[in-house]
Amino acid sequence: MKITIEGASEEFTEKVLTLAAQQGANLTISTVETGWTVERAERYLRSLPSGARTFARLVVVDGDGRAEAETLRVAVGKLNGPTVALSRAIPRGVREGWWPEGTPAPIEKVDDPDHPSWQKAEAYVMSRDLVPVFRAAFARLAHAQQTARAAGLHPGGAGKTSMSWAPDPSMLKGYNLVDLDGGSLPADDDQDEEDQQP
């Protein structure tokens, strides 16, 4: 018999195992933590395009967990692009194994209560307990940017990196590359296929 318990405390899991042992059952219990950690938050932020990452920074860092929709529109323009990117990041992370199924979206929309039928956003919020986690993730991204700049790598524009040298592709196999804004660079799977052909 196998039982999977998602989001259970250690105390609860221990009680279930004790009860099963009393009944002579042999159980395997796997607990899956669906909450956000700094590592997961950093991976989430790295997976976002620069506009959505700016959107998240305005909510988390500048807004301390809340940003008015109008403020966000002024900063990033139309909100549909960043909000779609934010919502797609969650299922993509589940598919990639970055976090388990059931991990909640960190940023949520607050609808305008005066116009509920319009579904126009009034603000975007993050729960208070997640703000320090995502602040720490943003700090890690900033540190990575500073380290890259200290190594002589400088941003070549939004989401781009320019370098004065290009590494041999064989040096990069097995590494997850990131741009200076903290986003992932696409894997070059075609290069691997070409290398294998005679």
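Okay, a definition to start: a residue is buried when its relative accessible area is under 20%, exposed when over 50%, and partly exposed in between, using a 1.4 Å probe and protein chains only. Now, this is a predicted model, so local features need pLDDT of at least 70 and side-chain atom pairs count only at pLDDT 80 or more, while totals for chains, interfaces and linings use all residues. Residues are numbered from 1 along each chain as its sequence is written, and side-chain values use heavy atoms, with hydrogens and water left out.

On to salt bridges, meaning a side-chain nitrogen of Lys or Arg within 4 Å of a carboxyl oxygen of Asp or Glu. Searching the whole structure turns up 10 of them.

Take Arg-140 and Glu-42: their closest N and O atoms sit 3.1 Å apart. Arg-140 is in helix H6 (residues 131–150) and Glu-42 in helix H2 (residues 38–47), so this pair ties together parts 98 residues apart in sequence. Helices here are DSSP runs of H or I, at least four residues, and strands are E runs of at least two, numbered from the N terminus. Is Glu-42 buried or exposed? Buried, at 13%, whereas Arg-140 is partly exposed at 35%.

Next, Asp-62 bridges to Arg-57, at 3.2 Å between the closest N and O atoms. Arg-57 is partly exposed, at 32%.

Then there's Glu-122 with Arg-66, at 3.4 Å between the closest N and O atoms. That one links distant parts of the chain, strand E5 (residues 121–125) for Glu-122 and strand E3 (residues 66–68) for Arg-66, 56 residues apart. Glu-122 is partly exposed at 30%, and Arg-66 is partly exposed at 35%.
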